[in-house]
Amino acid sequence: MIVEMAMEEVDEVDQVVARVAALDLAKASLVACVRVPADTPGKRCQEIRSFDTFSRSLLELADWLRAERVTRVAMEATSDYWKPVFYLLEAEGFECWLVNPKHIKHLPGRPKTDKLDAVWLAKVTERGMCRPSLVHPAPIRHLRDLTRYRRTLVRDRTRERQRLEKLLEDARIKLSSVISDILGVSGRAMLEAMIGGNRSPRALAQMAQTRMRTKISILQEALTGHFTDHHAFLARTMIDRIDAITTDIDKVSTAIEEAIAPFRHQAKQLDEITGIGIRSAQELIGEIGVNMTCFPTDAHLVSWVKFAPILKQSATKTRNGSTGKGNPWIAGT
C-alpha cells in the first residue's frame with residue numbers, strides 16, 4: 001500500500017545510472033526511492049513511496065518501477081527480509097542488487113530515517129559507489145536450502161543421541177564406554193529390552209552380536225545400574241525422535257540427489273579431491289555455486305569465504321588481522 005510520496009530535484013553528476021531505485025527494508029514494510037532524469041537538463045527527479053511487504057503490495061511496487069522504467073533496484077541485505085522482495089522483483093525482470101550494509105553506511109552526523117536511508121542508497125547506487133553481493137540463481141539456492149536443512153537435521157540428531165547417552169549415565173548404565181555406537185545392532189537391542197522391562201545385566205549382555213560377544217563379561221558390568229521406568233520413558237521418546245530425524249534426513253537426501261542432477265558432473269569432480277566426499281561436494285556446490293566467473297582468481301574465492309586474514313599494516317608494522325565473519329556453513333563443511 002502506498003502511504004506517502006515525496007519529490008525532490010538534485011544536481012546530476014557525470015556517469016550515473018539513468019534510472020535506479022533503492023529500497024529500505026523492514027519486516028512488514030519498505031520505503032522505495034526512485035531517481036530518474038528530470039525534464040530540466042542537468043537535474044534529477046526523485047520520488048519516495050512506502051509499501052507493505054505483502055505480495056499484492058510488492059506487485060504494485062513492481063508496476064510502479066516498471067512505469068518509471070527503472071533499470072536497477074538496490075536493497076540492503078537486512079536479515080532475511082530482502083529475500084521475498086528480491087526474488088519477486090527478479091522474477092519480474094528487474095536487475096536487482098543486494099548490497100552489503102557495511103558498504104553504504106549512512107554518514108555520521110546526519111539524521112537517519114527510513115526515507116533518508118533509501119535516498120542515500122539510491123544516490124550511492126546511481127553513482128556506482130557500491131557493488132552487488134553474490135546472489136546465486138534459483139537452482140543453486142534451492143540446493144543450498146536442502147543441504148543446509150540436512151546439516152541442521154544431522155546436528156539435531158547428534159544432540160538427541162548425546163541426550164540419550166547422558167540419560168544412560170544418569171542411570172549408571174555405562175554402555176557407551178564399551179560400545180562405540182549405542183544405537184548399533186547390539187546397543188539398540190539392549191536398549192529396547194531395557195525399555196521393555198528387561199533389566200537383567202546377564203540377559204542384556206547376551207544380546208551382543210558378532211564381535212561384541214567377546215565383551216560379554218564387561219558388558220554385564222556396564223549394564224549394571226539403576227535403569228527405572230522413568231529412564232525407560234525418556235529413552236523411548238529420545239530413540240523415537242532419533243529415528244524420525246533419520247527418516248527426515250533420508251527424505252532430504254533424496255531431494256538433494258534430484259536437485260544436484262544438473263550439477264552432477266561438478267559434484268563428481270569435487271568428489272575426486274582427497275578429503276571431499278559426495279556429501280561435502282553437494283554442500284560446496286550449494287554454497288559456492290558452479291559459476292566460477294564470479295571469482296576472478298582463487299584468492300578472491302578464499303577471501304569471499306573469509307578464510308584469508310585481513311592485512312593490517314601501518315608504517316613498518318604489520319599485524320595479523322582476523323578473517324572476519326564468514327559463511328559458517330562452508331566452514332562446517
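A: Trp82, Phe86 and Tyr87 are joined into a cluster by ring pairs. Rings of Phe, Tyr and Trp (its six-membered ring) count as a pair if their centres lie within 6.5 Å; planes under 30 degrees apart are called stacked, over 60 edge-to-face, and the rest tilted. The model is predicted, so local features need pLDDT of at least 70 and side-chain atom pairs pLDDT 80 or more, while totals for chains, interfaces and linings use all residues. Residues are numbered from 1 along each chain as its sequence is written, and side-chain values use heavy atoms, without hydrogens and water.

Across the whole structure, 5 aromatic pairs are found. In one of them, the ring centres of Phe51 and Trp64 are 6.0 Å apart and the planes meet at 35°, so this pair is tilted. It links distant parts of the chain, with Phe51 in strand β4 (residues 43-52) and Trp64 in helix α1 (residues 55-67), 13 residues apart. Helices (H or I, at least four residues) and strands (E, at least two) are DSSP runs numbered from the N terminus. Both Phe51 and Trp64 are buried, where buried means under 20% relative accessible area, exposed over 50%, and partly exposed in between (1.4 Å probe, protein chains only). Phe295 and Trp304 form another tilted pair, 5.3 Å from centre to centre with 55° between the planes. Phe295 counts as buried because its relative accessibility is 9%, whereas Trp304, at 32%, is partly exposed.

Asp24 has no salt bridge, and the nearest side chain of opposite charge, Lys112, is 5.7 Å away. A salt bridge requires a side-chain nitrogen of Lys or Arg within 4 Å of a carboxyl oxygen of Asp or Glu; Lys and Arg count as positive, Asp and Glu as negative, and His and the chain ends are not counted. Leaving aside residues up to four places away in sequence, Asp24 touches Ser29, Leu30, Val31, Asp114, Asp117 and Ala118, contact being heavy atoms within 4.5 Å.

The structure has 0 disulfides, a disulfide being a pair of cysteine sulfur atoms within 2.5 Å. For Cys33, the closest cysteine sulfur is that of Cys45 at 9.7 Å, which is too far for a bond. Cys33 is buried, with 0% relative accessible area. The sulfur of Cys294 is 16 Å from the closest cysteine sulfur, in Cys96, again too far for a bond. Cys294 is partly exposed, at 36% relative accessibility.
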